[in-house]
Amino acid sequence: MSTRIAFLKGHGTENDFVILPDPENALDLPPAAVAALCDRRAGIGGDGLLHVVRSAAHPEAREMAAEAEWFMDYRNGDGSVAEMCGNGVRVFARYLQRAGLVTEGDLAVATRGGVKSVHIAKAGSPGGSAAGDITVGMGRAVFPAGDVTVSVGERSWPARHVNMGNPHAVAFVDDLAHAGDLFTPPPFSPASAYPDGVNVEFVVDRGPRHVAVRVHERGAGETRSCGTGACAVAVAAARRDGADPAGTGTPVTYTVDVPGGTLVITERPDGEIEMTGPAVIVAEGEIDAEWFGAGRA
């Protein structure tokens with residue numbers, strides 16, 4: 001192994017990530033190493049890790065290589081493997097653009113949640129960020145059957161069960177402060193609803209088709225933003241408001257405020273959900289291989 005390992009740091013609406021370019025999948029990344037890298041005091045710090053690998057080089061992505069050259073091997077901040085991360089896909093695409101591996105326009109990114117369509121807008125596009133906002137095709141929402149309840153302290157709320165390639169429980173509340181500190185996972189019932197844990201969103205209304213949200217992401221705690229969570233919130237809000245694009249034939253767009261910024265979510269009549277927002281690379285450097293090796297135990 002080289003004595004240095006290249007890394008970058010980026011964020012999408014302040015959902016931040018350590019980025020490890022590793023085209024040939026040469027790095028060994030056990031959970032302890034990922035958790036050490038994401039540690040905000042002893043490591044680089046991040047809500048998660050974006051492992052950048054060619055699809056053909058990763059056993060979980062080889063079948064997608066014909067559709068997408070690059071695989072986002074995403075890990076939560078505690079080192080656990082995750083299916084998808086919407087903000088992560090935007091930051092992943094921004095890294096590929098910065099590295100000269102893709103240009104503005106359309107590309108495909110392989111994830112454990114399937115191949116995602118991505119569009120990188122031109123820099124300075126009207127209404128977007130200076131670098132150009134990035135739109136990700138997030139797939140279709142699935143609404144598993146069954147009632148779900150989430151709780152914080154003595155308060156409980158019915159929650160809408162939404163799957164965006166990963167599970168979400170969306171609860172509409174009167175005040176975002178009712179979500180508590182969100183350091184630990186909010187209890188939910190029945191326990192059988194989410195055998196592998198769940199992302200929990202607490203939502204308040206800000207105006208017509210405009211909501212604000214706080215989220216507990218499984219494996220990370222409260223984060224400044226969650227892309228799949230924003231999508232789950234938008235479709236849950238639309239159904240609550242009686243809007244279903246499949247029935248009306250008209251797209252529905254919601255503005256979703258998260259602590260780290262704003263995302264725009266559009267659900268189309270065919271069910272496809274698009275998320276648009278900024279993505280920023282803030283730093284790059286090298287990790288000492290000896291330190292990294294010590295964190296793998």
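Let's start with helix H2, where 12 of the 13 residues are buried, so this helix is largely enclosed by the rest of the structure. Buried here means under 20% relative accessible area, with exposed over 50% and partly exposed in between, using a 1.4 Å probe and protein chains only. Helices are DSSP runs of H or I with at least four residues, strands are runs of E with at least two, and both are numbered from the N terminus.

Before going on, a word on what we're looking at: this is a predicted model, where local features need pLDDT of at least 70, side-chain atom pairs count only at pLDDT 80 or more, and totals for chains, interfaces and linings use all residues. Residues are numbered from 1 along each chain as its sequence is written, and side-chain values use heavy atoms, leaving out hydrogens and water.

Back to H2, which covers residues 86–98. From first C-alpha to last it reaches 19 Å, close to the 18 Å expected at 1.5 Å a residue; that expected span is 1.5 Å times one less than the number of residues. Among its buried residues you'll find Arg 90, Phe 92, Arg 94 and Tyr 95. Just after the helix, Gly 100 takes a positive phi of about 80°.

Now, how many of the 14 residues of H3 are buried? The count is 12, so H3 too is largely enclosed by the rest of the structure. H3 runs through residues 227–240, and its end C-alpha atoms are 20 Å apart, in agreement with the 20 Å it should span. Its buried residues include Cys 231, Val 233 and Val 235, along with several alanines such as Ala 230 and Ala 232. Just after H3, Gly 242 has a positive phi of about 80°.

Helix H1, residues 31–38, buries Ala 33, Val 34, Ala 36, Leu 37 and Cys 38. What covers them includes strands S2, S3, S4 and S18, plus helix H5.

Let's zoom out. The protein chain has 5 helices and 18 strands, and buried residues make up 52% of its 297 residues. Taking contacts as heavy atoms within 4.5 Å, among those between residues at least 6 apart in sequence, 61% join residues at least 24 apart.

And the overall shape? The C-alpha atoms fill a box of roughly 55 × 40 × 35 Å along the principal axes. The radius of gyration, taken over C-alpha atoms and compared with a globule rule of 2.2 Å times the number of residues to the power 0.38, is 19 Å, which agrees with the value near 19 Å for a compact globule.
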